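Trainee: Could you take a close look with me at one part of this model, the place where its elements pack together? I would like to know what meets what there.

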Amino acid sequence: MNITTFLFLLTSFAVLTAVVTEAVKKFLDEQHVHYASNIVVLIIALLVGCGGTVLYYISTGIPFTALNITYIPLMGIANWIGAMVGYDKVKQAIEQLR
């Protein structure tokens with residue numbers, strides 16, 4: 001996987017993670033369930049990042065070598081870090097400035 005592919009996948013996964021996270025949070029809010037938003041983001045980001053990378057490997061015929069398998073959890077972690085620094089933190093900063 002080259003850097004261009006990595007950045008394309010990371011950007012795509014970050015957008016998907018943000019959309020799914022907001023949908024899950026709205027659903028949980030409607031059900032009056034108390035949750036930790038960081039844990040919700042963690043779970044969704046790992047599922048989207050790791051699952052998306054596996055789907056990318058399968059669809060492009062990339063073999064599951066030791067190096068490529070190492071990239072799978074790293075993509076999940078990179079997606080999680082990107083999600084944690086993304087929308088929620090910006091929203092939190094705006095609310096704190098009020």
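**Helix packing, pair by pair**

Mentor: Happy to! Helix 1 and helix 3 pack at an angle of about 55°, with their axes 9 Å apart. That angle makes helix 1 oblique to helix 3. This is a predicted model, in which local features need pLDDT of at least 70 and side-chain atom pairs count only at pLDDT 80 or more, while totals for chains, interfaces and linings use all residues. Residues are numbered from 1 along each chain as its sequence is written, and side-chain values use heavy atoms, with hydrogens and water left out.

A few terms before we go on. Helices are DSSP runs of H or I with at least four residues, strands are runs of E with at least two, and numbering starts at the N terminus. The axes are lines fitted to C-alpha atoms, for helices over the stretch in contact, and the angles run from 0 to 180 degrees between N-to-C directions. Under 35 degrees counts as roughly parallel, over 145 as roughly antiparallel, 65 to 115 as roughly perpendicular, and the rest as oblique.

On the helix 1 side, Phe 6, Leu 9, Leu 10, Phe 13, Ala 14 and Thr 17 meet Met 75, Ala 78, Asn 79 and Ala 83 of helix 3; contact here means heavy atoms within 4.5 Å. By class, this contact has 8 nonpolar, 2 polar and no charged residues (Ala, Val, Leu, Ile, Met, Phe, Trp, Tyr, Cys and Pro count as nonpolar, Asp, Glu, Lys and Arg as charged, and the others, Gly among them, as polar).

Leaving aside neighbours within four places in sequence, Asn 79 touches Leu 10, Phe 13, Ala 14 and Thr 17, together with Ala 45, Val 48 and Gly 49.

Helix 2 and helix 3 pack at about 140°, with their axes 8 Å apart, and helix 2 passes helix 3 in a right-handed crossing. Among the residues making this contact are Ala 45, Val 48, Gly 49 and Cys 50 of helix 2, and Ile 72, Met 75, Asn 79 and Trp 80 of helix 3. The class count is 16 nonpolar, 6 polar and no charged residues.

The C-alpha atoms of Ile 72 and Gly 49 are 7.5 Å apart, although 23 residues separate them along the chain. Beyond its neighbours within four places, Ile 72 is in contact with Cys 50, Thr 53, Val 54, Tyr 57 and Phe 64.

Phe 64 sits in the loop between helix 2 and helix 3. At 41% relative accessibility, Phe 64 counts as partly exposed. Its contacts, outside four places in sequence, are Val 54, Tyr 57, Ile 58, Ile 69 and Ile 72.

The remaining pair is helix 1 (residues 3–30) with helix 2 (residues 37–60), which pack at an angle of about 140° with axes 9 Å apart. That makes helix 1 oblique to helix 2, and their crossing is right-handed. By class, this contact has 12 nonpolar, 7 polar and 1 charged residues. Thr 21, placed in helix 1, is buried at 4% relative accessibility. Setting aside neighbours within four places, Thr 21 meets Val 40, Val 41 and Ile 44.

To step back, the chain has 4 helices and 0 strands, in the order α-α-α-α along the sequence. Of its 98 residues, 26% count as buried. Contacts between residues 24 or more positions apart make up 65% of those with a separation of 6 or more. The C-alpha trace spans about 50 × 30 × 20 Å along its principal axes.

Key. Left-handed = near helix turned anticlockwise from the far one by under 90°. Buried < 20%, exposed > 50% of the residue type's maximum accessible area, 1.4 Å probe, protein only.
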